[in-house]
Amino acid sequence: MLKKKDLLGLYDTSAEEIAEILNEADKMRGFLSGKEKKSDLLAGRTLITLFYENSTRTRTSFELAGKYLGANEVNISAASSSVQKGETLIDTGETLDAMKIDFIAIRHPMAGAPKLLAEHVKASVLNGGDGMNEHPTQALLDMLALKRKFGKIEGLKVAILGDIKHSRVAKSNLFGLTKLGAEVVMYSPRTLMPRAIERLGAKIAKSREEAIDGADAVMGLRIQLERQNGGLFPSLSEYSKFYGVKDELMKYAKKNAVILHPGPVNRGVELTPSLIDGKSSEILEQVTCGVAVRAALLKLMAEYRMEKGL
């Protein structure tokens, strides 16, 4: 059973809890392969998806996870909510809480927003991405895809290349993967590499070849132009030439290495189209694993809430 009502990040989530979530998510992945994806596990429970940023994969997978397990699901977009009238995040949360909901999946451009919300509501808060801080459910689905492919996480080498500075995905993967015994090697332009990230457990490579050498998985990260002030690299074409993952670079990885990407992919920039669509790509499997992970979290949180009388 989970030890707290919320999932705000993997930095403060134990290896035991991560393992429990992945085990439950693996069962949910099997459930999703069935013809009838219908359960009453969450009958009578209500999930709110509260997104202050655009999203396709994360929001939709939360919604489907809730519906597949029988929960009532309501989507709230900040653009059409009382936020446009000046309502604060705390007021929004307390208003929703007064409607006796159970779960809030939130995405917000400001780091720490899910934590602030969690401190003011009785509902369980799931972080769907907060600023440049964390994206825990994305990292969990990445780990599930790896576990299903290799049968383990411990001992794997995962190379992460791209816009690491602005990536909440990279940070959550670093925390989660290293807690389960994987080696995480990162490579990016110096302008896109956070200072002292090696203190958090990352190994910094001096080249793409060094990062990919002996890797079990190679993860490309999207160039997040919306979070940049500009001038961090000359152009997308130059970035692709010197920092993108090319087909010929995969000869340095292990023969059965897989390609990962949190999406959406800038084709031909972070990864070549042939890698995105190739046999080693697990990108679509990541999407399926995303529904499984979020369903598993809702189930485990419902059990926690029942145990605590929430």
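Let's start with helix H2. Helix H2, residues 57-68, lies across S1, S2, strand S3 (103-108) and S4. H2 runs at about 175 degrees to S1. A word on those terms. Helices (H or I, at least four residues) and strands (E, at least two) are DSSP runs, numbered from the N terminus. Axes are lines fitted to C-alpha atoms, for helices over the stretch in contact, and angles run from 0 to 180 degrees between N-to-C directions. Contact means heavy atoms within 4.5 Å.

Some ground rules. This is a predicted model, where local features need pLDDT of at least 70, side-chain atom pairs count only at pLDDT 80 or more, and totals for chains, interfaces and linings use all residues. Residues are numbered from 1 along each chain as its sequence is written, and side-chain values use heavy atoms, with hydrogens and water left out.

In what order do the four strands stand? The order is S2-S1-S3-S4, in an open sheet with parallel pairing. Two strands pair if DSSP finds at least two bridges between them. Strand S2 (72-77) and strand S4 (124-130) are the edges. Each has a single partner strand, so one side of each is left without a neighbour in the sheet. On average, neighbouring strands here are turned by 15 degrees against each other, direction ignored.

Look at S1 and S2. Strand S1 covers residues 46-51, and six bridges join S1 to S2 in parallel. Thr46 stands opposite Asn72 in S2. Phe51 stands opposite Ser77 in S2. From S1 the chain crosses through H2 to S2, and this β-α-β crossover is right-handed. That is, with the strands pointing away from the viewer, the path from the first strand over the helix to the second runs clockwise.

Next, the other sheet. This open sheet has five strands in the order S7-S6-S5-S8-S9, again with parallel pairing. Strand S6, residues 183-187, pairs with S7 over two bridges. Met186 stands opposite Ile204 in S7. Helix H5 packs on this sheet and touches strand S5 (157-161), strand S8 (217-220) and S9. The direction of H5 makes about 170 degrees with that of S9.

Stay with H5, and go to its helix partners. Take H6 to begin with. H5 (residues 136-150) and helix H6 (residues 168-179) pack at an angle of about 55 degrees, with axes 8 Å apart. That makes H5 oblique to H6. Angles under 35 degrees count as roughly parallel, over 145 as roughly antiparallel, 65 to 115 as roughly perpendicular and the rest as oblique. The crossing of H5 and H6 is right-handed. A crossing is left-handed if the near helix is turned anticlockwise from the far one by less than a right angle, and right-handed if clockwise. H5 contributes Pro136, Gln138, Ala139, Asp142, Met143 and Leu146, and H6 contributes Val169, Ser172, Asn173, Gly176 and Leu177. By class, that contact has six nonpolar, four polar and one charged residues. Ala, Val, Leu, Ile, Met, Phe, Trp, Tyr, Cys and Pro count as nonpolar, Asp, Glu, Lys and Arg as charged, and the others, Gly among them, as polar.

On to H1. Helix H1 (residues 15-32) packs with H5 at about 70 degrees, axes 10 Å apart. H1 and H5 are therefore roughly perpendicular. H1 passes H5 in a right-handed crossing. Residues of H1 in this contact include Ile18, Leu22 and Arg29, and they face a group in H5 that includes Leu140 and Lys147. The residues of this contact divide into seven nonpolar, one polar and four charged.

Then H10. H5 and helix H10 (residues 283-308) pack at about 115 degrees, axes 8 Å apart. H5 passes H10 in a right-handed crossing too. Among the residues meeting here are Leu141 and Ala145 in H5, and Cys289 and Val293 in H10. The tally for H5 with H10 is eight nonpolar, four polar and four charged.

Two backbone details to finish. Which peptide bond is cis? The bond from Gly263 to Pro264 is cis, with omega near -5 degrees. Pro264 is found in the loop between strand S9 (258-260) and helix H9 (273-276). Lys100 is not a glycine, yet has a positive phi of about 65 degrees. Lys100 sits in the loop between helix H3 (89-97) and S3.
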